[in-house]
Amino acid sequence: MSKIDENRLKADLKAGQLARAYFLYGKEDYLVRFFANKITELAAPEDARDMNFVKYTETPKADVLSDQLENMPFFSEYKCVLIKDLDIESMDNIEHKAYLALLENIPETSVLIIAQENIEYDMKKLKAKTKKLIEAVESVGVSCEMKYLSAGKVAQRAQREAAKAGCSISPQNAAYLAQECGNSLTALENELAKLCAYKNGGEITAEDIEGLVPKRIDTNIYNLAKELFAGRTSSALEILNDVFAQNTEPIMILSTLSGHFTDLYRAKLGSLAKKSSYDAAKAFKYPPNRSFVMDSAYRSVGRLSERYLGDCVAVLYKTNKLLNSSKADKRQLIEQAIIEIAALVK
């Protein structure tokens with residue numbers, strides 16, 4: 001067994017093939033939950049679930065988990081155990097070794113699902129305990145990363161789900177909704193349910209999306225940057241105020257702001273090197289389903305100089321260090337960064 005992709009996992013489950021262990025993870029928490037439920041339904045059918053399914057929302061002790069996995073299923077083929085958000089790195093060495101031992105010896109009559117929602121691992125930089133645990137799962141089962149779907153697929157899903165609810169949405173507005181939801185299926189599900197309830201069988205328009213779907217933080221940050229580039233500092237600070245009013249954590253605001261300016265700086269370097277946005281995204285190791293970020297950045301950097309964007313990134317880097325080390329008010333630090341960027345010469 002080994003790491004597989006979503007399509008392979010879907011095919012295996014459709015064919016009724018179960019592994020002894022699954023490690024599901026990734027940013028797309030909707031798909032993590034979806035496949036965890038699909039595996040559960042296959043391993044522990046509804047009519048036998050009460051006696052053959054156990055779910056943990058907190059990390060169980062290794063001996064407790066071992067007892068559950070060793071128990072024989074009751075009038076069923078499998079015993080199924082689901083652990084949501086296993087806390088791996090906080091285990092002490094003894095507990096971690098016990099987990100590795102039980103994972104490598106899961107009985108043929110048991111299926112273990114470890115579902116790590118909204119967690120993205122860099123497989124080249126895994127911490128030791130997490131790496132060993134995933135390897136132990138893969139020795140008897142599979143791991144699978146759930147990535148965000150492409151904007152096109154999310155838009156198609158929006159149209160299908162709207163139709164199921166008795167509503168309609170044009171391809172253009174479905175794409176707009178997907179964009180406002182950050183291509184997140186969880187966000188799409190929540191916002192589409194709200195829109196369909198509001199329209200009650202009608203057509204979902206761009207105005208409906210504009211009025212009912214909250215602006216995502218990265219959309220606000222994109223607009224904030226545009227105001228800065230246009231020299232409208234007070235407008236940029238008003239947008240920042242709106243973001244704070246949504247109770248967004250300061251570290252999240254700065255992270256998104258830094259990420260956007262870094263995208264722009266990389267796009268500028270790519271364009272100066274006469275590279276296409278596709279080549280730049282590939283060179284900077286953007287995932288295929290995030291290549292649109294570089295496309296957008298390329299369209300935004302025409303009149304911005306490399307030095308200016310580099311200075312912006314430097315201001316945000318300095319602010320990040322202060323945010324993590326200083327006792328100063330975090331909101332004031334971010335506001336000061338905006339003012340410093342506004343003072344830079346493009």
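Met51, Phe74 and Phe75 together form a nonpolar patch on the surface of this predicted model, with about 410 Å² of accessible area. Patches join residues that have over 30% relative accessible area and no salt bridge, with nonpolar side chains (Val, Leu, Ile, Met, Phe, Trp, Tyr) linked within 5 Å and like charges within 9 Å. A salt bridge is a side-chain nitrogen of Lys or Arg within 4 Å of a carboxyl oxygen of Asp or Glu, and accessible areas follow the Shrake-Rupley method with a 1.4 Å probe.

Phe75 lies in the loop between α4 (62-70) and β4 (79-84). Phe75 counts as exposed because its relative accessibility is 76%; exposed means over 50%, buried under 20%, and partly exposed in between. Helices (H or I, at least four residues) and strands (E, at least two) are DSSP runs numbered from the N terminus.

In α4, the buried residues are Ala62, Leu65, Gln68 and Leu69. They span an arc of only 125° around the axis, and therefore sit on the same side of α4; the arc is taken from the directions from the helix axis to the C-beta atoms. These buried residues of α4 pack against β3 (53-56), β4, α5 (93-103) and β5 (110-117).

Ser277 belongs to helix α14 (residues 277-283). Ser277 counts as buried because its relative accessibility is 16%. Leaving aside residues up to four places away in sequence, Ser277 touches Met294, Asp295 and Tyr298, where contact means heavy atoms within 4.5 Å. The side chains of Ser277 and Asp295 make a polar contact at 2.5 Å. A polar contact is a pair of N or O atoms within 3.5 Å; within protein, one must be able to donate a hydrogen and the other to accept it, and residues adjacent in sequence count only if both atoms are side-chain atoms.

Residues are numbered from 1 along each chain as its sequence is written, and side-chain values use heavy atoms, leaving out hydrogens and water. As the model is predicted, local features need pLDDT of at least 70 and side-chain atom pairs count only at pLDDT 80 or more, while totals for chains, interfaces and linings use all residues.

Note on methods:
Buried < 20%, exposed > 50% of the residue type's maximum accessible area, 1.4 Å probe, protein only.
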